[in-house]
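The sequence and the model come first.

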Amino acid sequence: MAELYVYYRVDDPVAAGSKIAGLLENMARQTGVIGRKLEKCDEPLLWMEIYQGIDDRMAFAGELASQERQLGIAGLLPPGQPRHQEWFN
């Protein structure tokens, strides 16, 4: 089983908080994988999502990309600051 770590910066933590909560809810409903969001202790605009127990990386990545588009997640990020994905086994 794989684990996915997604880290990124946000501009407005209030607006981003509700969108990311929706993203986590949608991913749990669509994939059965319950993710969680963390904020860096000394840098509150640097966030990370953690997804563990992923059976099918390709399907999960496709669903995540779809949810990101539908929810407009890119609009929450500072210009030139994309979300970064790191996969682990």
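D56 caps the N-terminal end of helix α2, with a side-chain oxygen 3.2 Å from the backbone nitrogen of M58. A polar contact is a pair of N or O atoms within 3.5 Å; within protein, one must be able to donate a hydrogen and the other to accept it, and residues adjacent in sequence count only if both atoms are side-chain atoms. The model is predicted: local features need pLDDT of at least 70, side-chain atom pairs count only at pLDDT 80 or more, and totals for chains, interfaces and linings use all residues. Residues are numbered from 1 along each chain as its sequence is written, and side-chain values use heavy atoms, leaving out hydrogens and water.

Helices (H or I, at least four residues) and strands (E, at least two) are DSSP runs, numbered from the N terminus. Helix α2 spans residues 57-71, 15 residues in total, and reaches 21 Å from its first C-alpha to its last. That is close to the 21 Å expected at 1.5 Å a residue, where the expected span is 1.5 Å times one less than the number of residues. After α2 comes G72, with a positive phi near 70°.

Within α2, the residues F60, L64, S66, Q67, E68 and L71 are buried, meaning under 20% relative accessible area with a 1.4 Å probe, protein chains only. Their cover includes β1, α1 (13-31), β3 and β4, with contact taken as heavy atoms within 4.5 Å.

## Strands and rings

Strand β1 (residues 2-9) pairs with two strands, β3 and β4; pairing requires at least two bridges found by DSSP.

Rings of Phe, Tyr and Trp (its six-membered ring) pair if their centres lie within 6.5 Å; planes under 30 degrees apart count as stacked, over 60 as edge-to-face and the rest as tilted. By this rule there are 4 aromatic pairs. One of them, Y8 with W47, is edge-to-face, at 6.3 Å centre to centre and 65° between the planes. Y8 in β1 and W47 in β3 are 39 residues apart, so the pair links distant parts of the chain. Both Y8 and W47 are buried.

Each of these two rings also has a charge over it, defined as NZ of Lys or CZ of Arg within 6 Å of the ring centre and within 35 degrees of the ring normal. K37 places its charged end over W47, 4.1 Å from the ring centre, and R83 lies over the face of Y8 at 4.6 Å. Separately, Y51, F60 and W87 form one aromatic cluster; F60 is also among the buried residues of α2.

Key
Buried means under 20% relative accessible area, exposed over 50%, partly exposed in between (1.4 Å probe, protein chains only).
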